[in-house]
Amino acid sequence: MHRLCRSVLAVAGTFLLLFASVACGEDAQTAREFVAAKYTRATALDQVNDGRAYTATIAPAAVVEAITKAERPLDNRTLNERVYLQYRDDILTVAAHGAGALILVDQYRNGYRRHQSAASSFGWQSEPAGSEYRSSSGK
């Protein structure tokens, strides 16, 4: 009987955690949405192929902390005073800009191409995780 009670409690606890994560997840922001809502859009600093630029008046380290708190990245690397944040659908970079920071938000494929040298050195794949990408040969 004691074992049955523990099993029932474990199953009930699992369902409660699952429900709580789904219910709370509805309001979760992506890193892209967080940056767009929190930082200043800087169209003059945009990069080719839809690299959307934003500026912040705080230090790059504080920006990175805020973004990674909003959505945990798959990977977070620093190279040459630029922070690279890898997400499922996006690659973000944060670097010093004047007295603050410049945040560049790219869709994953564009970001990989833009930062290919750094991204490949980190071991990041050229296609986002879970991508349905197929080569021209169909493989």
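**Core packing and aromatic contacts in the predicted model**

In the predicted model, Glu 33 is located in helix α2. Glu 33 is partly exposed, its relative accessible area being 41%. Between Glu 33 and Glu 71 there are 9.9 Å in space, C-alpha to C-alpha, although the two are 38 residues apart in sequence.

Helix α2 (31-38) also contributes to the largest nonpolar core, which comprises 17 residues. Within this core, the members that touch the most others are Val 35, Tyr 39, Val 63, Ile 67, Leu 92, Val 94 and Ile 103. Besides α2, the elements that supply two or more residues to the core are β2 (52-56), α3 (60-70), β4 (82-86), β5 (90-97) and β6 (100-107). Another core, of eight residues, lies apart from this one and includes Tyr 84, Tyr 108, Tyr 112 and Ala 119. In soluble globular proteins, nonpolar side chains tend to be buried together.

The contacts of Ile 67 were examined individually. When residues up to four places away in sequence are not counted, Ile 67 touches Ala 31, Phe 34, Val 35 and Tyr 39, as well as Leu 85, Tyr 87, Leu 92, Val 94 and Ile 103. Ile 67 is one of the buried residues of α3, together with Val 63 and Val 64. These three residues lie on the same side of α3, because they cover an arc of only 100 degrees around the axis. On the other side of the helix, Ala 61 and Lys 69 are exposed. The packing partners of the buried α3 residues are α2, β2, β3 (75-79), β4, β5 and β6.

Aromatic side chains were considered next. A pair of aromatic rings is described by the distance of the centres and the angle of the planes. The model contains three aromatic pairs by the criterion applied. Phe 34 and Tyr 39 form an edge-to-face pair, because their ring planes stand at 80 degrees, where an angle over 60 is required; the ring centres are 6.2 Å apart. Phe 34 counts as buried because its relative accessibility of 14% falls under 20%. Tyr 39 is likewise buried, with a relative accessible area of 9%. Both residues are among those touched by Ile 67.

A single aromatic cluster is formed by Tyr 84, Phe 122 and Trp 124; of these, Tyr 84 is also a member of the core of eight residues. A further arrangement involves a charged side chain: the charged end of Arg 41 sits over the ring of Tyr 54, at 5.4 Å from the ring centre.

Key. Residues are numbered from 1 along each chain as its sequence is written. This is a predicted model: local features need pLDDT of at least 70, side-chain atom pairs count only at pLDDT 80 or more; totals for chains, interfaces and linings use all residues. Side-chain values use heavy atoms; hydrogens and water are left out. A nonpolar core is a set of buried Ala, Val, Leu, Ile, Met, Phe, Trp, Tyr and Cys residues joined through side-chain atoms within 4.5 Å. Buried means under 20% relative accessible area, exposed over 50%, partly exposed in between (1.4 Å probe, protein chains only). Helices (H or I, at least four residues) and strands (E, at least two) are DSSP runs, numbered from the N terminus. Contact means heavy atoms within 4.5 Å. Rings of Phe, Tyr and Trp (its six-membered ring) pair if their centres lie within 6.5 Å; planes under 30 degrees apart count as stacked, over 60 as edge-to-face and the rest as tilted. A charge sits over a ring if NZ of Lys or CZ of Arg is within 6 Å of the ring centre and within 35 degrees of the ring normal. The arc is that of the directions from the helix axis to the C-beta atoms.
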